[in-house]
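Biologist: Please take me through this one feature by feature. I'd like the general idea each time, then the case at hand.

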Amino acid sequence: MNLWKAVVSGLLLLGALCVEQGWATEAEGTREAKGHISVVIVGGTGDLAKKYLWQGFFQLYSEQVSSGHTFSFYAAALPDADKGEPALFDILKHLRCPAQVSPERCALLRDQFLKLSQYHQAKTEEHYSKLNAEIGQRLQQEGLRETGRLFYLSVPAFAYAGIAAKINSSCRPPAGAWLRVVLEKPFGHDYDSAQLLSTELEKFLKEEEMYRSDHYLGKQVVSQILTFRNENRKFLDPIWNKHHIERVEIVLKETLDAKGRTQFYDQYGVIRDVIQNHLTEILSLVAMVLPRDTRRSSEVLRNKLAVFSSLQRLDRASAIIAQYRAYSSEVREELNKTKEHMSLTPTFAGVVVHLDSPQFEGVPFILTSGKMLDERVGYARVLFKNQVFCVQNMDSLHCKPRQIVFYFGHGSLQYPAILVSKNLFKPAVLGSGWKEVTEYKNVSLFGLLLSEYHVQTPVVQLEAYDVLISNIFHAKKDSFISTENLLASWSFWTPLLNSLAQEFPRLYPGGQDNQNLLDFQLQGREVSFVNEAVVISDGHGGTSPNSFQVTQGKYRTWDMVSAWAEELVQRLASDLQVVAQAAVEESGQFHLALSGGSSPLALFQRLVLHHYSFPWDRTHIWMVDERCVPLTEPGSNFRNVHDHLLRHLRLPYFNIHPMPVLLNQRLCVEEDGGPQVYEKEIARIINGSRFDFVLLGVGYDGHTASLFQDTRPEVLQDKLVALTESPFKPHQRMSLTFSAINRAKNIGVLVTGKGKHEMISQLSRMKDYSKKWPITGVNPDKGNLVWYIDYEALLG
């Protein structure tokens with residue numbers, strides 16, 4: 001059983017036992033007693049508190065001031081009072097009143113709120129003890145009974161455990177009062193770190209005391225997805241399944257870059273920052289079995305957890321990633337990296353998720369997010385199949401898309417809304433807080449004019465944090481992330497993140513200039529960009545895709561072909577087919593040796609999709625080098641070639657020759673003689689041990705194949721295959737030697753990307769072999785060498 005499925009199964013069992021034994025959330029088990037609520041915002045003068053939290057708590061105070069509850073508010077932070085108090089009151093004087101409150105009432109509420117708010121230094125356990133004493137003294141002086149104490153931790157995640165320990169030891173409320181501690185994401189970096197953080201927090205806080213906040217669950221439309229599904233059961237139950245739904249799109253697009261956040265963002269990237277949490281939570285709301293009572297937090301959380309047990313495992317083919325072009329330079333500038341540093345952190349990703357359930361089997365859930373895109377917008381779109389075939393009037397409503405859109409805000413519509421196309425059904429209005437739109441803007445959404453939808457929107461638009469803070473107060477635990485759901489989510493996403501760790505993201509210019517560079521497609525279960533290679537102009541009137549055609553020349557005395565990446569890949573694929581057909585005509589066989597890495601992936605796609613006359617049935621596939629890992633692991637070069645090329649071809653089984661890195665159930669042990677086994681296989685099958693074509697790449701450090709700077713060619717000169725040592729993990733490798741490479745009839749060296757420009761420039765000035773640049777050891781004895789260099793690598 002997969003790790004993540006085992007985790008989910010165990011957590012589901014635990015959840016079921018909890019329900020059987022009658023463990024209920026506070027909201028379900030008790031009515032909220034009237035009394036005093038103490039609110040402490042730790043990090044209360046920071047950016048999040050300034051932008052959202054104080055405004056949210058002022059909103060809560062405005063709603064609850066006449067309810068019988070009393071309040072006190074504390075900003076807790078590291079600076080002493082001389083610095084902290086002015087910062088706090090600078091925040092408080094800018095608070096806005098709810099729209100429905102009169103100016104006179106607003107002035108009174110704001111004045112009362114300021115009097116109830118204090119600053120406290122919170123650095124040591126002694127500070128927390130002092131805060132606890134002051135809360136108690138205040139309550140005693142005013143004759144109040146504390147009903148609950150709320151801590152909102154607006155601090156980095158590494159500080160959570162330490163603060164939780166101080167709260168537990170020095171600042172818990174008295175017996176009978178509830179404690180709620182709110183934690184902001186990120187909750188770990190992967191499954192192991194999330195589990196470690198959870199274990200640490202469990203030492204000091206109970207599960208019912210922790211509220212892990214995902215602010216997207218506070219967005220008004222997101223918070224109403226289950227309510228909408230429940231209110232429209234009679235329409236949705238018959239069609240909310242694989243027989244009627246074509247696909248589900250969950251999208252969050254941003255126009256901003258990562259400037260100012262690169263310290264955080266470069267460690268996390270778009271999947272960890274947005275998709276693993278925000279978009280996955282929305283997926284669970286759309287896909288979960290609708291609870292019998294959507295108001296019961298325990299039932300909602302249990303059904304959410306069940307979604308994770310049905311998610312099919314993601315692999316490398318489930319996602320595409322990209323990075324806006326200026327990102328690496330921003331990282332170098334903000335993190336003081338060297339000019340050669342190239343970040344692999346994706347700023348855009350598209351992931352297709354499938355569920356192994358009778359209800360949604362075969363329905364793709366497409367999760368997409370990125371920075372530096374064309375607009376700021378977020379939505380979940382459920383697109384239904386349309387079985388109507390229109391003969392003449394294509395503009396008829398029943399010919400058009402049938403869809404439900406949960407529109408989170410911004411974009412061309414500008415306000416949050418739930419939209420149902422009129423060719424589906426007329427939905428029930430959600431309640432007093434929502435209204436039906438009858439005056440339509442002249443906009444088109446997803447192929448329909450706004451007038452072709454039934455549209456509902458909130459009467460009053462609230463910030464997500466306003467909604468979440470209200471939910472914390474009312475103990476609505478289903479609006480927050482439980483430990484079980486958190487670990488289930490990370491166990492699902494971590495294998496994909498590991499498989500992408502060393503992948504080079506596609507570059508894109510940003511904004512409207514992206515055009516169709518990021519469009520992707522789903523073929524079977526595999527996701528790929530629609531365009532096989534990327535062409536990017538500099539946006540400043542410099543070189544553009546039309547400035548150059550495919551050019552030929554010389555590089556290091558050998559032939560060179562250069563072009564933009566797309567044309568370059570087309571040319572290499574064409575040249576490869578010419579060599580293959582000539583080899584088959586001459587000897588009946590074509591022997592091709594392929595390198596690992598990301599550089600050849602666009603070539604593989606080109607060969608699969610466009611070269612149907614390639615003589616694959618006469619082709620033998622060999623490996624140039626291999627990492628010493630099992631061939632089934634994502635880090636294996638052979639696995640990479642298999643997933644992106646071999647699995648799509650009709651190639652005879654006996655024509656595939658992976659390197660024998662695993663012999664006698666051991667990886668790359670010298671005594672097992674793996675290199676000698678491969679060398680004998682080459683000599684037995686290939687005439688003169690001369691490959692017809694060897695495809696090589698070049699690393700940033702100048703290595704090729706798995707021949708690195710400390711590999712001495714004179715030691716390997718009589719061998720065709722050898723074990724080598726890499727400076728990068730996994731360190732052990734098996735590789736063809738220079739002797740095997742240089743006796744090949746044709747060698748192609750593929751170099752792409754602006755990050756290779758400095759290396760290409762330095763290599764161009766060298767004539768002879770240099771230990772520092774192993775690629776200089778590639779000099780065919782009697783064969784032909786062609787450098788395939790794209791314009792970004794050549795021109796910078």
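**Reading the model, one feature at a time**

Modeller: Let's start with two helices: α6 and α7 are oblique to each other. Angles under 35 degrees count as roughly parallel, over 145 as roughly antiparallel, 65 to 115 as roughly perpendicular, and the rest as oblique. Keep in mind that this is a predicted model, where local features need pLDDT of at least 70 and side-chain atom pairs count only at pLDDT 80 or more, while totals for chains, interfaces and linings use all residues. Residues are numbered from 1 along each chain as its sequence is written, and side-chain values use heavy atoms, with hydrogens and water left out.

Biologist: Where do the axes of α6 and α7 cross, and at roughly what angle?

Modeller: Names first: helices (H or I, at least four residues) and strands (E, at least two) are DSSP runs, numbered from the N terminus. Axes are lines fitted to C-alpha atoms, for helices over the stretch in contact, with angles from 0 to 180 degrees between N-to-C directions. Here the axes of α6 (residues 125-142) and α7 (residues 160-170) come within 9 Å and cross at roughly 45°.

Biologist: Which residues make the contact?

Modeller: Contact means heavy atoms within 4.5 Å. From α6 come E125, Y128, S129 and N132, and from α7 come I163, K166, I167, S169 and S170. That contact holds three nonpolar, four polar and two charged residues. The classes are simple: Ala, Val, Leu, Ile, Met, Phe, Trp, Tyr, Cys and Pro are nonpolar, Asp, Glu, Lys and Arg are charged, and the others, Gly among them, are polar.

Biologist: Which strands does α6 lie across?

Modeller: α6 lies across β1, β2 (70-77), β3 and β4, at about 155° to β3.

Biologist: What is the order of the open sheet of six strands?

Modeller: The six strands run β3-β2-β1-β4-β5-β6, with parallel pairing. β3 (117-121) and β6 (210-213) are the edge strands, pairing on one side only. On average, neighbours in this sheet are turned by 20° against each other, ignoring direction. Zoom in on β1 (residues 36-42) and β4 (residues 146-153), and you find seven bridges between parallel strands; V39 has L150 of β4 as its bridge partner. Helix α15 (residues 464-473) packs on this sheet too, touching β1, β2, β4, β5 (178-184) and β6, and makes about 150° with β5.

Biologist: How closely do the axes of α13 and α16 come, and at what angle do they cross?

Modeller: The axes of α13 (residues 297-310) and α16 (residues 483-500) come within 10 Å and cross at roughly 15°. That makes the two helices roughly parallel, and their crossing is left-handed. L301, K304, L305 and F308 of α13 meet E484, N485, A488 and S489 of α16. The contact divides into four nonpolar, two polar and two charged residues.

Biologist: Where is a peptide bond cis?

Modeller: K185 to P186 is cis, with omega near 10°, and P186 is in the loop between β5 and α8 (191-202). A cis bond also joins K729 and P730, with omega about -10°.

Biologist: What is the mean pLDDT of the protein?

Modeller: pLDDT is the predictor's confidence in each residue, from 0 to 100. The mean is 88, and 92% of residues reach 70 or more. Residues 1-31 fall below 50, with 45 contacts beyond near neighbours in sequence. Residues 533-548 are also below 50, with 32 such contacts. Where pLDDT is low, the predicted coordinates should not be read in detail.

Methods. Pairing = 2+ DSSP bridges. Left-handed = near helix turned anticlockwise from the far one by under 90°.
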